[in-house]
Amino acid sequence: MKASLALLLAPLAAAAPASELDPRQATQSIDALIKAKGKLYYGAATDQRLLQTGKNAAILQANFGQVTPENSMKWESLNPRAGTYNWAQADYLVNWAQTNNKTIRGHTFVWHSQLAGYVNQMRDKAQLTKTIQDHITTVMTRYKGKIRGYDIINEMFNEDGSLRPSVFSNVLGESFVDIAFKAARAADPDAVLYINDYNLDRPDHPKLTRGMVEKVRKWLSQGTPIDGIGTQGHITSGGGQALANAIKALAQVNVKEVAVTELDIQNNNANDYAAVTKGCLAEPKCVGITVWGVRDQDSWRPQGNPLLFDSSYNPKAAYNAIVQALQ
């Protein structure tokens with residue numbers, strides 16, 4: 001579905017007059033186009049600082065339909081000390097998304113990195129179990145009905161498909177998976193619950209086959225309420241088609257949906273962005289794609305210019321390649 005620039009930008013005039021887009025900065029909304037193909041969203045990662053910087057908010061309003069908090073919902077940011085929650089930045093993102101009619105993916109609960117120090121120091125099974133349950137319940141209760149889905153567990157596999165050593169696996173073994181997902185289901189039964197990881201970019205990679213696919217099948221058979229699998233998609237030029245094939249491989253698991261959750265592609269990447277987009281279109285279970293930021297300058301790995309907008313907020317060839325893939 002094509003939309004004129006004027007129609008895309010009309011709602012922005014009152015909201016952010018100082019950050020309006022000029023014709024170079026908005027063509028067709030890739031979110032509108034992917035929704036016309038039956039998908040749920042084309043999204044991007046952001047947070048309060050970025051939403052208040054330059055034209056980030058205007059570009060998200062015009063061209064994307066979903067947001068993921070880049071850092072504000074990670075454990076060390078949100079709950080740095082036992083019983084202490086810093087809600088301001090996460091609340092800002094949620095409120096902005098609701099005001100602007102954007103879907104939200106919550107990110108992330110159980111992750112070995114950016115983890116609060118008090119959690120990392122735990123060695124008692126009962127204490128760690130309750131801490132996981134309490135953290136998930138507190139956050140999901142606060143945002144119940146506002147956030148579509150969450151990355152319940154993030155980056156738990158080694159490259160050979162085995163469990164990554166962490167406080168969670170070291171103390172609880174595999175049981176932390178069931179503990180976390182069941183706590184999440186109880187806190188918000190309508191939320192879509194994901195397991196998410198990186199380097200799930202080739203259908204034959206052991207991390208995908210012996211790790212994610214085999215383990216999720218086993219956990220589902222045991223009653224763990226896993227709804228979706230996220231492949232992050234931090235790849236380099238030339239890897240787009242392999243990731244498209246990996247989407248199909250992940251969808252063979254009996255989950256309700258899959259998604260590309262953190263896409264960025266290093267170097268000359270227009271063809272790869274088109275390939276990943278077509279890969280999602282071709283898989284009925286793939287609900288959408290999230291890119292990990294708006295402009296290259298703000299990327300967590302800015303070398304290689306991995307995103308869809310340049311440092312002046314102009315859409316790049318990669319953005320236009322996605323538009324063409326969605327025609």
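Lys-248 is partly exposed, with a relative accessible area of 36%, where partly exposed covers the range between buried, under 20% relative accessible area, and exposed, over 50% (1.4 Å probe, protein chains only). This is a predicted model, in which local features need pLDDT of at least 70 and side-chain atom pairs count only at pLDDT 80 or more, while totals for chains, interfaces and linings use all residues. Residues are numbered from 1 along each chain as its sequence is written, and side-chain values use heavy atoms, with hydrogens and water left out.

The side chain of Lys-248 meets that of Glu-283 in a salt bridge of 3.1 Å, N to O; a salt bridge here is a side-chain nitrogen of Lys or Arg within 4 Å of a carboxyl oxygen of Asp or Glu. Because Lys-248 lies in helix α13 and Glu-283 in the loop between α14 and β9, the pair ties together parts that are 35 residues apart in sequence. Helices (H or I, at least four residues) and strands (E, at least two) are DSSP runs, numbered from the N terminus. Glu-283, at 5% relative accessibility, counts as buried.

Strand β6 (residues 228–231) pairs with β8 in the parallel sense over four bridges, where two strands count as paired if DSSP finds at least two bridges between them. Within this pairing, Ile-229 has Val-258 of β8 as its bridge partner. Strand β7 (residues 234–236) also pairs with β8 in the parallel sense, over three bridges, and here the bridge partner of Ile-235 is Ile-265 in β8. From β7 the chain passes through helix α13 (residues 240–250) to β8 in a right-handed β-α-β crossover, right-handed meaning that, with the strands pointing away from the viewer, the path from the first strand over the helix to the second runs clockwise.

Strand β9 (residues 286–291) pairs with β8 in the parallel sense over three bridges, and Val-291 in β9 is the bridge partner of Leu-263. The chain reaches β9 from β8 through helix α14 (residues 270–282), and this β-α-β crossover is right-handed.

A search of the whole structure finds one disulfide, a disulfide being a pair of cysteine sulfur atoms within 2.5 Å. It is formed by Cys-280 and Cys-286, whose sulfur atoms are 2.1 Å apart, and with -100° about the S-S bond the link is left-handed. Cys-280 counts as buried at 0% relative accessibility, and Cys-286 is buried too, with a relative accessible area of 1%.

Returning to charged side chains, the count comes to 17 salt bridges. One of them joins Asp-134 to Lys-130, with the closest N and O atoms 2.6 Å apart; both residues lie in helix α9 (residues 125–142), four residues apart, which is about one turn of the helix. Asp-134 counts as partly exposed at 35% relative accessibility, and Lys-130 counts as partly exposed at 49%.

Another salt bridge joins Asp-178 and Lys-182, with the closest N and O atoms 3.1 Å apart. Because they are four residues apart in helix α11 (residues 175–187), Asp-178 and Lys-182 are separated by about one helical turn. Asp-178 is partly exposed, with a relative accessible area of 23%, and Lys-182 counts as partly exposed at 41%. Finally, Glu-159, Asp-197 and Lys-207 are linked in a network of salt bridges.
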